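Hi,

Here is the structure I promised to pass on.

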Amino acid sequence: MNSSSFLSLELRALSYNQAHPKWTASHLTTTTDASGREWLNGIWVLGQNYRSTTGFYGSYPPGYLERVMSMFGDAERVCHLFSGSLPPGNYVRVDLVQECDVKADAQKLEETFRAGAFDLIIADPPYSLFDAARYKTPMIDRRKVLRGCAHCLAPGGFLVWLDTSYPMFRKDVFEICGFIGVVRSTNHRYRMVAIFRRK
């Protein structure tokens with residue numbers, strides 16, 4: 001898929017809203033800033049589903065992937081970075097600790113994948129030293145991981161980064177094009193989805 005065939009942000013928001021008509025409170029909107037740049041905005045209240053838990057510490061919130069993929073249904077080559085307990089599917093799972101498709105250090109993606117290998121990367125890294133210890137892995141350097149993601153993404157491709165921190169990135173490589181607040185349920189940390197587009 002080349003960058004000219006990617007959907008606009010407005011069509012991504014429309015695709016999401018059509019896929020989830022009951023979730024009107026969490027519909028995505030697009031806005032345009034003073035420079036004319038388009039943004040995706042939203043808040044997702046995901047709750048907690050105690051019946052379908054993987055038991056894996058830090059697994060994706062219920063419904064999270066379904067919501068993300070409703071925005072990026074045009075992505076043909078998808079990578080799940082820090083895939084944890086994610087089951088096999090039509091995507092490449094990358095993790096350093098868990099059994100997956102590719103066992104690799106997310107800080108060394110340039111050594112693992114060719115340039116432009118993916119249209120979409122979905123990442124849910126350890127948020128803190130405490131989280132990294134629970135995963136039995138060293139804490140990541142977010143800048144190194146984003147540099148590797150830039151290498152792996154095709155021009156026009158997207159990085160969907162779920163975190164409690166807004167990672168540093170090179171503005172000549174990535175354009176930030178969306179923020180979605182994520183509320184899981186009581187007693188959980190607020191998270192943010194930062195959506196980056198590869199230049």
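Let me begin with D101, which counts as partly exposed because its relative accessibility is 42%, between the 20% and 50% cut-offs. Keep in mind that this is a predicted model.

D101 has a partner: its side chain meets that of R93 in a salt bridge, at 3.2 Å from N to O. R93 itself is buried, with a relative accessible area of 10%.

How many salt bridges does a search of the whole structure find? It finds ten. Another one of them joins the side chains of R197 and E175, at 3.3 Å from N to O. That pair links distant parts of the chain, with R197 in strand β9 (residues 191-198) and E175 in strand β8 (residues 174-183), 22 residues apart. There is also D141 with R143, at 3.9 Å, where D141 is partly exposed at 25% relative accessible area.

R143 turns up again in the lining of the second largest pocket, along with residues including M168, F169 and F174. About 180 Å³ of space lies in this pocket. Helix α4 (residues 142-152) gives the largest share of the lining, four residues. By class, the lining has six nonpolar and three charged residues, and no polar ones.

One more residue to look at is R67, in helix α2 (residues 64-71). R67 is buried but has no salt bridge, and the nearest side chain of opposite charge, E66, is 6.7 Å away. Beyond its neighbours within four places in sequence, R67 is in contact with Y16, H20, W23, S26, W44, V45 and L46.

Cheers

Definitions and conventions: Residues numbered from 1 in each chain as written. Predicted model: local features only at pLDDT ≥ 70, side-chain atom pairs only at ≥ 80, totals over all residues. Heavy atoms only, no water. 1 Å grid on protein atoms, 1.4 Å probe; cavity = no way out; pocket = protein on both sides within 12 Å on 5 of 7 lines; lining within 4 Å. Points joined across faces, edges and corners; volume = space filled by probe spheres on them. Helix = DSSP H or I, 4+ residues; strand = E, 2+ residues; numbered from the N terminus. Nonpolar A, V, L, I, M, F, W, Y, C, P; charged D, E, K, R; others polar. Buried < 20%, exposed > 50% of the residue type's maximum accessible area, 1.4 Å probe, protein only. Lys, Arg positive; Asp, Glu negative; His and termini not counted. Salt bridge = Lys/Arg side-chain N within 4 Å of Asp/Glu carboxyl O. Contact = heavy atoms within 4.5 Å.
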